[in-house]
Amino acid sequence: MEIRALLKALSAAEQLKNNTRHSWTSAGRHESVAEHSWRLALMAYFVKDEYPELDMDKVIRMCLIHDLGEAFTGDIPAFVKTKEDEERESALLSRWVESLPSPFKEEMGALYREMDALETGEAKLCKALDRMETIIQHNEAPLSTWLPLEYEKNQVYGREQCAFSPYTKELQETVKNDCLEKIRRGAGEATP
């Protein structure tokens, strides 16, 4: 990639470091979108042996870019994100991807289309891990950072996306049980 094009692409992506998510870290500060994407990619790397039939390099690339649209819109939590929000994010992201030099605009465009279609094992795994990383982060954060609706939502978030494979089903069940244990232990804690 030509140096100026590289710097321009990295400048846009840098916003993911600035844009925070609804999630909190274990230290009690808002998590950035970049931190979520990094750990999601690390999760994909760690589970690669569970999916020898998948192109895990592709899954990791999907994980790295899956929230790049939030560089332009910021994070909008899933429980408040509207269809209009999704369309706006998609349009801004598409415009940015089209501004990239070849072969990146074609490669990223193909990855986004595959992720949107959710038909391949790679796309399904990326989506399932994305949901689970979110709940793992919630489980690591102080219970006082949870919204009242998250006490139930965190127990079922990602169940549908994880249903495609035995490993992700077990992951979701384990993360759900961790959530229930966190709630049980924190029953005496003040809730938000």
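User: At what angle do helix H4 and helix H8 pack, and how far apart are their axes?
Analyst: This is a predicted model, in which local features need pLDDT of at least 70, side-chain atom pairs count only at pLDDT 80 or more, and totals for chains, interfaces and linings use all residues. Residues are numbered from 1 along each chain as its sequence is written, and side-chain values use heavy atoms, with hydrogens and water left out. Helices (H or I, at least four residues) and strands (E, at least two) are DSSP runs numbered from the N terminus, and axes are lines fitted to C-alpha atoms, for helices over the stretch in contact, with angles from 0 to 180 degrees between N-to-C directions. For H4 (residues 56–65) and H8 (residues 121–140), the axes are 9 Å apart and the angle is about 45°.

User: Which class does that angle give to H4 and H8?
Analyst: Angles under 35 degrees count as roughly parallel, over 145 as roughly antiparallel, 65 to 115 as roughly perpendicular and the rest as oblique. The helices pack at about 45°. H4 is therefore oblique to H8.

User: By class, which residues make up the contact of H4 with H8?
Analyst: With contact meaning heavy atoms within 4.5 Å, Met-56, Lys-58, Val-59, Met-62 and Cys-63 of H4 meet Glu-122, Ala-123, Leu-125 and Cys-126 of H8. Ala, Val, Leu, Ile, Met, Phe, Trp, Tyr, Cys and Pro count as nonpolar, Asp, Glu, Lys and Arg as charged, and the others, Gly among them, as polar. The contact has two charged, no polar and seven nonpolar residues.

User: Is Lys-182 buried or exposed?
Analyst: Lys-182 is placed in helix H11 (residues 166–185). Beyond its neighbours within four places in sequence, its contacts include His-138, Pro-142 and Trp-146. Buried means under 20% relative accessible area, exposed over 50%, and partly exposed in between (1.4 Å probe, protein chains only). At 11%, Lys-182 is therefore buried.

User: Which residues does a cis peptide bond join?
Analyst: Most peptide bonds are trans. Pro-103 lies in the loop between helix H6 (83–99) and helix H7 (104–117). With omega about 5°, the cis bond joins Ser-102 and Pro-103.

User: What is the phi of Leu-118?
Analyst: Most residues other than glycine have a negative phi. Leu-118 lies in the loop between H7 and H8, and is partly exposed at a relative accessible area of 33%. Although not a glycine, Leu-118 has a positive phi of about 50°.
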